[in-house]
Amino acid sequence: MKIFQKNNYGWLVVLGLSIFPVFLWISYQTPYPRFSNFAISMASIGQILGLVGTAMFAITLILSARLKFLEKYFYGLNIVYKRHNQLGQISFILLLFHPLFLIPKYAGNSIYYAAVFLVPNGSWAQNWGLFSLITMILLIVLTLYWKPRYDIWRWTHKFLGFSFFLAALHIWLIPSDMSRYMPLRIYMLGLAFLALLAFTYKTVLGRFLVKRYNYVITEVVSLSRVVEKITLEPVKEQMKFNAGQFVFISFLDNNISSEAHPFSIASNPEEKNLTIIAKSLGDYTKNLANLTVGSWAQIEGPFGVFSYKNSEFKDQIWISGGIGITPFLSMAKSLKLDENYNIDLYYCMNSKSEAILLDELERISVSLNNSFIVIPYCSDKLGFIKADVIQKISGSLDFKDIFLCAPPPMIKSLKTQFAKKGIDKNLLHSEEFNF
Amino acid sequence: MKNVTLFALGVFTGAVLVIFGLGFTSYKKPIVVNNNQQTSSPSASPTNPGKPPLNKNEVAKHSSPSDCWIIVKNKIYDVTSYLSDQHPGGAETITPYCGKEATNAFETKDAGSPHSNAAWSMLDAYYVGDLVI
């Protein structure tokens with residue numbers, strides 16, 4: 001059945017963990033029925049919304065801690081972040097309606113008491129919940145709709161960990177089934193504890209606890225007006241990685257902000273030095289050209305499951321769009337003749353002037369006796385590449401793995417075209433390049 | 001997904017604005033009607049002339065969960081209908097006081113923390129009469 005694809009394993013576990021409190025809640029024998037009249041039924045639903053919403057909020061926090069083991073169960077860090085985003089929104093919606101559904105029971109039939117219920121009052125257990133929700137609303141509006149500049153966004157987004165802390169206070173103190181039924185209490189507080197632990201590890205104490213490798217810049221080269229190649233050498237410990245993976249780098253250089261950004265690795269895992277190739281797209285990356293040789297960088301990683309070795313077949317089609325060529329360069333460099341891979345790499349760009357890595361790739365092609373070939377494809381002359389074209393040039397698409405690394409719209413379009421041709425989704429591997 | 005969230009936020013904001021608007025503009029405390037369909041729930045009745053005096057002995061006769069009176073600050077309240085799982089602290093925190101003096105329990109929840117103003121107002125709806133000493 002499709003939902004048991006490896007991609008969805010982590011997501012199913014997350015949903016299971018979020019819904020489990022409902023089973024505990026049901027198993028609790030209350031003296032009076034849970035759905036005897038309107039007010040009590042609404043309150044019961046309200047309780048369920050609170051339990052599932054809080055469990056999801058906790059897991060959202062855990063997913064944000066960049067824990068390596070999660071990559072296996074979500075098939076890549078970018079998928080982990082995608083689920084973090086979705087789960088955060090679902091939990092937010094459930095928690096918004098949690099207090100509203102409680103109103104009929106706690107306010108009787110009085111609209112005045114309903115209003116009183118929604119403002120801070122003498123019950124601190126309730127107030128913590130209210131403050132948690134208010135801060136959540138402000139921060140989610142900021143995150144999803146206001147969308148300030150990236151560095152401000154990042155800094156404010158972290159405060160959602162504090163919102164969760166207030167929610168944890170609320171569930172710890174509130175008199176309800178949460179306080180009366182031990183199994184439920186232990187489960188919810190346990191989950192909350194793990195969430196706060198993850199948040200503390202990554203965000204509060206990240207500087208000390210998260211493993212980072214120290215590297216020093218040895219070369220900064222402009223490959224074109226907008227593309228920089230930066231080479232780094234390990235100070236002491238060298239980071240091990242697989243071709244196709246990416247890292248988060250914070251440059252400790254006055255010419256650039258020290259916030260961490262993701263970069264695909266362009267160098268061969270067997271080399272001592274690490275090379276990244278990046279396009280100066282925004283506020284941060286435009287400063288890459290100003291990096292100085294000799295300044296340090298801290299590298300966190302490696303992440304990503306995008307690798308030609310994670311495949312079913314050795315006959316493969318690689319499709320790159322723009323700067324998405326970077327992981328393929330690393331993969332091409334690490335190909336070995338005796339491994340018998342057969343690769344067609346479609347190097348797609350807007351125009352020939354962007355083909356900065358073509359020479360290097362063609363040299364690799366020669367050294368591999370053309371078992372690896374590069375097909376440049378420029379959209380200014382030929383339009384956007386299509387699955388039909390690939391099928392014509394590479395022959396049958398059967399029994400081949402297809403790897404895509406390009407801007408999200410290009411990946412989405414090609415995936416749809418491949419699906420129409422009946423290509424198995426498990427043979428399509430992608431790394432979206434707009435984190 | 002973002003649009004779904006925005007819609008939910010809109011519904012929430014609308015509901016809260018309506019509740020605040022209507023709720024805080026109606027200052028007179030409205031009468032709380034008990035809408036449980038439970039069978040025998042003696043409805044709150046004002047002071048009752050020509051009936052037994054409402055002293056401690058009388059109150060003590062209503063000392064079970066199915067017929068529960070409590071005394072708070074020298075006033076008597078019939079909270080029977082409230083016991084059917086409406087109490088956030090659970091019915092079992094009230095039932096030990098059925099038929100008895102419950103002022104301290106109500107004022108402190110037996111834990112040093114007071115009930116909210118809303119709770120005190122809600123109690124009024126269950127008023128039976130003043131305690132006759």
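Reader: What covers the buried residues of helix H8 of chain A?
Author: The cover includes H2, helix H4 (77–106), helix H6 (124–146), helix H7 (150–157), H9 and H10 of chain A. Buried means under 20% relative accessible area, exposed over 50%, and partly exposed in between (1.4 Å probe, protein chains only). Contact means heavy atoms within 4.5 Å. Helices (H or I, at least four residues) and strands (E, at least two) are DSSP runs, numbered from the N terminus.

Reader: Where do these values come from?
Author: This is a predicted model, in which local features need pLDDT of at least 70 and side-chain atom pairs count only at pLDDT 80 or more, while totals for chains, interfaces and linings use all residues. Residues are numbered from 1 along each chain as its sequence is written, chains are lettered from A and ligands numbered from 1 in the order in which they are written, and side-chain values use heavy atoms, with hydrogens and water left out.

Reader: How many residues of H8(A) are buried?
Author: Of its 14 residues, 10 are buried, so H8(A) is mostly covered. Among them are A:Leu160, A:Phe164 and A:His170.

Reader: Why does the length of H8(A) agree with its 14 residues?
Author: At 1.5 Å a residue, H8(A) should span 20 Å, and its end C-alpha atoms are 20 Å apart. The expected span is 1.5 Å times one less than the number of residues.

Reader: And which residues touch the most other members of the largest nonpolar core?
Author: They are A:Leu96, A:Ile103, A:Phe164 and A:Met188, in a core of 72 residues. Such a core is a set of buried Ala, Val, Leu, Ile, Met, Phe, Trp, Tyr and Cys residues joined through side-chain atoms within 4.5 Å. A second, separate core has 30 residues, including A:Phe306 and A:Leu361.

Reader: What does A:Ile103 contact?
Author: Apart from neighbours within four places in sequence, A:Ile103 contacts A:Gly108, A:Ala114, A:Phe117, A:Leu118 and B:Ile19.

Reader: New topic: what is the order of the strands in the open sheet?
Author: Its 5 strands run E9-E8-E7-E10-E11 in chain A, with parallel pairing. Strand E9 (372–378) and strand E11 (428–432) are the edges, each pairing on one side only. Two strands pair if DSSP finds at least two bridges between them.

Reader: Over how many bridges do E7 and E10 of chain A pair?
Author: They pair over 5 bridges, and A:Ile402 is the bridge partner of A:Ile317.
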